[in-house]
Amino acid sequence: MIKKITLLVAFFFSFVTQTFGQFGIAEEPVVFSSEWKQLSDDRAEILFYGKIEPHWHVYSTDLGSGGPTSATFNIDRIEGAVLDGKLKAKGKEISVMDALFGMKVRYFENQVTFVQPIKLTGGKYKIEAYLQYGACDDKTCLPPTAVEVTYSGTSKVVATAGVQETADKSSSVEETETPFLNAEVDLSQADSVTNINEGIRKTDFWTPVISELEAYGQEGSNSSTYAWYYIFFAGFLGGLLALFTPCVWPIIPMTVSFFLKRSQNKSKGIRDAVLYGVSIVVIYVTLGLLITSIAGPNALNALSTSAVFNILFFLMLVVFAASFFGAFEITLPSKWSNAVDGKAEKTSGFISIFLMAFTLALVSFSCTGPIIGFLLVEVTTSGSILAPTIGMFGFALALALPFTLFALFPSWLKSMPKSGGWMNVIKVSLGFIELAFALKFLSVADLAYGWGILDRETFLALWIVLFALLGVYLLGKIKFPHDDDNEKTGVVRFFMALASLAFAVYMVPGLWGAPLKAISAFAPPMQTQDFNLYEKEVHAQFNDYDAGMEYALANGKPVMLDFTGYGCVNCRKMELAVWTDPRVHQLLTKEYVLITLYTDDKTKLPAPIKVMEKGKERTLRTVGDKWSHLQVSKFGAIAQPFYVLLDNAGKPLNKSYAYDENIRKYIEFLETGLTNYEKRK
């Protein structure tokens, strides 16, 4: 029996994995092809067709400053033609509010087409240009990437002097001042490109160290796997809480006793109880799969920052909290449960057991509904396709476990705590927690519409009050309709009150700008803080690689290289949640020379440079292009954030580090680099 159940579970996860795919970072998550489309004698279009890997997205055009990289069309050289309007995007555009940037962003998933209209001015034409775009997933971002095109030919339009003069002025690159370099260039020797002061000693810090870095082992981002573990654990915890509610706990001994008594032998009773537990898992996991299939992956990703949906989620959680406080009961129509129960009595075998499990799901909805609702709201807005299924699996597993265990060990039934007022205390406590998390979703809507009613101070003040009230309630100083007036405060309840009050006190310094890393994922961004006394942010010593390396060499200090981007969301998360730690702050400011390189820096280089990258020719036009080429050619990496430790010769001191907010691991990463640096000296 155990073997069959194990095979069933293995088959289920195999099916889910094959259905929804794996969540990895593709080597080339976005691939573009281009086409020249002649519309008439004097009109044409350059089309860029983009195919986007699952869970990645490409940003649209004209996003504005201060946000991620917009898609743009850029001219290197143009003759016999002019641009006929701006770059246009075609496809299913998703518009959401990005809480970290504090602005709406627009992007495309799966596929996108960018169109640049061209007007031919007569005679021979030649266009050398490139599409630049930004792409991210939920963990990392690519540096601004260029798709280069060259088109030439002869148009049937008769050129005129006035038109030709306009065409000459349309070039976006001043070719007469900075002629295009066609030769391949070694950036480590190109003084005109690196723009380093002539007095600084030249050392080849650009030598590739990919093999040396791989020798330390690969350090990738495990945030996706971690998120799955977190979602499963959250669902499992929700199931455990549901067990101790008045709608579920009293049913356990009755149901197990029924299976043991109606069976002719103990083994059959155990089998029925196990099937009952498996049925519970199947019912709730099916619910998670239905949500995924109905909403679809694009909708789940959009929900995370959609203002309308976040307002609905806020209202839903407030209603659930009021229900737990005793204002009303959320119940399904009784005729549903009666009908299912009647079917269970008329059938036998597995169908009967399955219908009994379905009856439990219906009659316990008044207690489990708010927990399931909160869980689904939280995991659905995580943007992960499998999140609802994984969350429901954890919830159902915790809910089904007691029925199986008590069937295996019937003597345990005698030691079960009796039903009482303690179950209502759990319900009310969950009400406080749901009300607190409702504010998280209201915060997203507040940012989307620019109301300004829930900045960071207001949010923290409300959380402080809620958790302080929860502590006071657990001490018995506040009573709700279903509470027992004569109930005393037990030891467990006292320690729960202590934890809640301590958490409220912990948040108080946040009113003056303390980072509060424990709730950084829930509170509004730091820029909404009006009054901030915190001054321990870490700032880079250099934003130029060669200059920073020369300084480190002259002063005998190791280097921490930070590849980041202005539009990199997770880079900001690392800086807020990890770099503000006192030990990390000390290591980065005292022990290392911190060099931060923005791969989306749009500052123009003195002249465009052609280089070979992974066997393909690439043109570097901006400072950001230069740093992204450094990351690819020297370290074999493309995504941000990306951290690597170097000695004074540009050799790695430890494996690289990607997005992972584990402070202990980050400190270990930095300290190991220092140890290896001292050994190498």
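Asn424 sits in helix α13 of this predicted model. With a relative accessibility of 9%, below the 20% limit, Asn424 counts as buried. Its side chain still has a polar partner: a polar contact of 2.7 Å links Asn424 to the side chain of Asp483. Leaving aside residues up to four places away in sequence, Asn424 touches Tyr473, His482 and Asp483.

Setting aside residues up to four places away in sequence, Ile280 touches Ala357, Leu360, Ala396, Leu399, Ala400 and Phe403.

Ala523 takes us to a loop, the one between α15 (491–507) and α16 (545–555). Its relative accessible area is 14%, so Ala523 is buried, the cut-off being under 20%. Along the chain, Ala523 and Leu439 are 84 residues apart, yet their C-alpha atoms are separated by 9.0 Å.

Now for the outside. Leu401, Leu405, Leu408, Phe409 and Trp412 make up a nonpolar surface patch, and together they have about 420 Å² of accessible area. One of them, Leu405, belongs to helix α12. Leu405 has a relative accessible area of 32%, so it is classed as partly exposed, the range between 20% and 50%.

| Residue | Relative accessible area | Class |
|---|---|---|
| Asn424 | 9% | buried |
| Ala523 | 14% | buried |
| Leu405 | 32% | partly exposed |

Finally, the chain as a whole. It holds 20 helices and 17 strands, and 51% of its 681 residues are buried. The accessible surface comes to about 31600 Å², with 61% of it belonging to carbon and sulfur atoms. Among contacts between residues at least 6 apart in sequence, 75% join residues at least 24 apart.

Terms used. Residues are numbered from 1 along each chain as its sequence is written. This is a predicted model: local features need pLDDT of at least 70, side-chain atom pairs count only at pLDDT 80 or more; totals for chains, interfaces and linings use all residues. Side-chain values use heavy atoms; hydrogens and water are left out. Contact means heavy atoms within 4.5 Å. Helices (H or I, at least four residues) and strands (E, at least two) are DSSP runs, numbered from the N terminus. Buried means under 20% relative accessible area, exposed over 50%, partly exposed in between (1.4 Å probe, protein chains only). Accessible areas come from the Shrake-Rupley method with a 1.4 Å probe; for residues, only the protein chains shown count as cover. A polar contact is a pair of N or O atoms within 3.5 Å; within protein, one must be able to donate a hydrogen and the other to accept it, and residues adjacent in sequence count only if both atoms are side-chain atoms. Patches are made of residues with over 30% relative accessible area and no salt bridge: like charges are joined within 9 Å, nonpolar side chains (Val, Leu, Ile, Met, Phe, Trp, Tyr) within 5 Å. A salt bridge is a side-chain nitrogen of Lys or Arg within 4 Å of a carboxyl oxygen of Asp or Glu.
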